[in-house]
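Thanks for coming, everyone. Let me put the model on the screen, and then I will walk through how one of its chains is divided.

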Protein chains: 2
Amino acid sequence: MVSYYIGVDIGGTSIKAGVVDEAGRIAGEADLPTGADRPQEVVLKDILRVAEAAVGAASLARADIRAVGVGSPGTVDSETGVVLYNYNLGWRDFAIGPMMSEALGLPVRLENDANAAALGEAVAGSARGASSAMIITLGTGVGSGFVIDGSIWTGCNSAACEFGHMVIAYGGRPCTCGRRGCFEAYASATGLINMTREAIEAHPNSALGELARREGVVSGHTAFDAAEAGDPVAQGVVDEYTGYLACGLASLINGLQPEVISIGGGIGKQGEGLLVPLRRRVEEETFGEKREGQKRTRLVSCTLGYKAGLIGAAMAAR
Amino acid sequence: MVSYYIGVDIGGTSIKAGVVDEAGRIAGEADLPTGADRPQEVVLKDILRVAEAAVGAASLARADIRAVGVGSPGTVDSETGVVLYNYNLGWRDFAIGPMMSEALGLPVRLENDANAAALGEAVAGSARGASSAMIITLGTGVGSGFVIDGSIWTGCNSAACEFGHMVIAYGGRPCTCGRRGCFEAYASATGLINMTREAIEAHPNSALGELARREGVVSGHTAFDAAEAGDPVAQGVVDEYTGYLACGLASLINGLQPEVISIGGGIGKQGEGLLVPLRRRVEEETFGEKREGQKRTRLVSCTLGYKAGLIGAAMAAR
């Protein structure tokens, strides 16, 4: 008999749920807008509705479900199921695990959302089969999760895996965390957009500047698109960005030598266009013997997309 | 019946061996100069002599020994017992494990020396009883080892735990590894000495400058000594150094949240004089809830001194 789990992924814009089997396959999905400005108790009701809807979409009954996994942004305590603090949603001491468990009559496992997505990619996605994997999500911020033998590394207090706030440039660019020089301030889409804007300001008549004006917006794709079209200013931005990204990844490899690093998030969608030059730079900056047969960290793209979060949450509930 | 292990610590200046019981207590010790300029096969003979001498010093016979652990600097392959590369000793593809095993008739486990020292501190020293510990050695370089549940984290290829080469200042001070801005280039004794020299050059008439001239040398203690005597220039150096050190430690904590970080090496001997301001700065730069009852990484001094390497090598052989 197949065992099913509900995986819930709470995002800033939508709540997604999926019914997932033991191997990480989705049997049914549902979603609703998060409505982040509402009180946390009201959001909880929608979380429960989405979970129920996913069970319906899978043509299953609640009795077919063994457990629920929830991925939430912010600082979470997986032991107690409490979201301690979440800046974007304004949550504080939200006992979402116990509350959902009571409402659904099922065990609930709470994880940080980035950790859950990492677990999804590690167990059922791009790093499937690897004994250790680091998942790096390049979006508005830099999310990260370190998975050892199918378990998320949580450290002594469930607060680990904030590798986006590893400082790579002492005293450098301001970060949303209030410090300076964090990996996130450079390697996130936000960091790339800042670098792109600065290049446009310095070279307004470049093809990069023209593209930005034509599109009316600077995004994490602008520099990549203009570089691909042959603009040297845009190529400079891509090189600068890739240099910082490689720097942070090299530090993680020199420190932890995971079997796989999977790159996801909006910028991760560049795929091999990003990964080919990135691998070359990372290779230059990492230790370990570079001879035939010697294992080296594989740098790959995430494959599950938005589904990583809910699959991983479900996997965490196993 | 007590089980004994030989632990060997190969350093740049001396080879140390100890006979160690299961709990990490030393029953006998011996050492010899390394003679690093000699061919590796000649050094091997002295390594075997030191191991035998330690057994004699413990008033034991070789039959009382269950296994041998060896800590070697450089890149080692613990699976095969081969030192792949060691710059300082000029070693390349040195099958020290199999060779020692044949000569002694005992199983031999090879580890990187910093990893072995970390294991010693984690299992039998300052981090005894912790489920996860990071040991950071502030000497000529910055050594590091990450120990989870009594095992050294080696990554996918035995090359992990080079946290000294985590870049904290992109494009910054040159590092011995050929890159720029590594944690080691700032937080090592060498980094501190460079900062001290620069301050003396800028302020030759400071008490710091006078102390250096009187002692005829600038060491890792010069700035600490002059700062303790009240010199503001020296205090500036100590603050600068502590800032970089805190930056790197905060990145490690935000990423891994180990239960304990133990600080060792020459600079580590400053003890609480270093740790008190360091804890304050690290606290400012780390995440995780700071409320009552929430576990946070403990920052402590290493306690085993030079014995950590040989005790840890022996523990690795268990």
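The domain bounds I use come from an automatic or database domain assignment. What you see is a predicted model, in which local features need pLDDT of at least 70 and side-chain atom pairs count only at pLDDT 80 or more, whereas totals for chains, interfaces and linings use all residues. Residues are numbered from 1 along each chain as its sequence is written, and chains are lettered from A and ligands numbered from 1 in the order in which they are written.

Chain A is divided into domain 1, covering 4–123 + 307–316, and domain 2, covering 129–301. The C-alpha centres of domain 1 and domain 2 of chain A lie 28 Å apart.

How many residues of domain 1 of chain A are in contact with domain 2 of chain A? There are 15 of them, facing 16 residues of domain 2, where contact is taken to need C-beta atoms, placed from the backbone, within 7 Å. On the domain 1 side of chain A, strand S5 (75–77) and helix H3 (113–124) each supply at least two residues, helices and strands being DSSP runs numbered from the N terminus (H or I, at least four residues, for helices; E, at least two, for strands). H3(A) gives the most to that side, with eight residues.

Turning to chain A as a whole, its secondary structure comes to 11 helices and 13 strands, and its C-alpha trace spans about 60 × 50 × 35 Å along the principal axes. Among contacts in chain A between residues at least 6 apart in sequence, 64% join residues at least 24 apart.

Technical notes. Contact = placed C-beta atoms within 7 Å.
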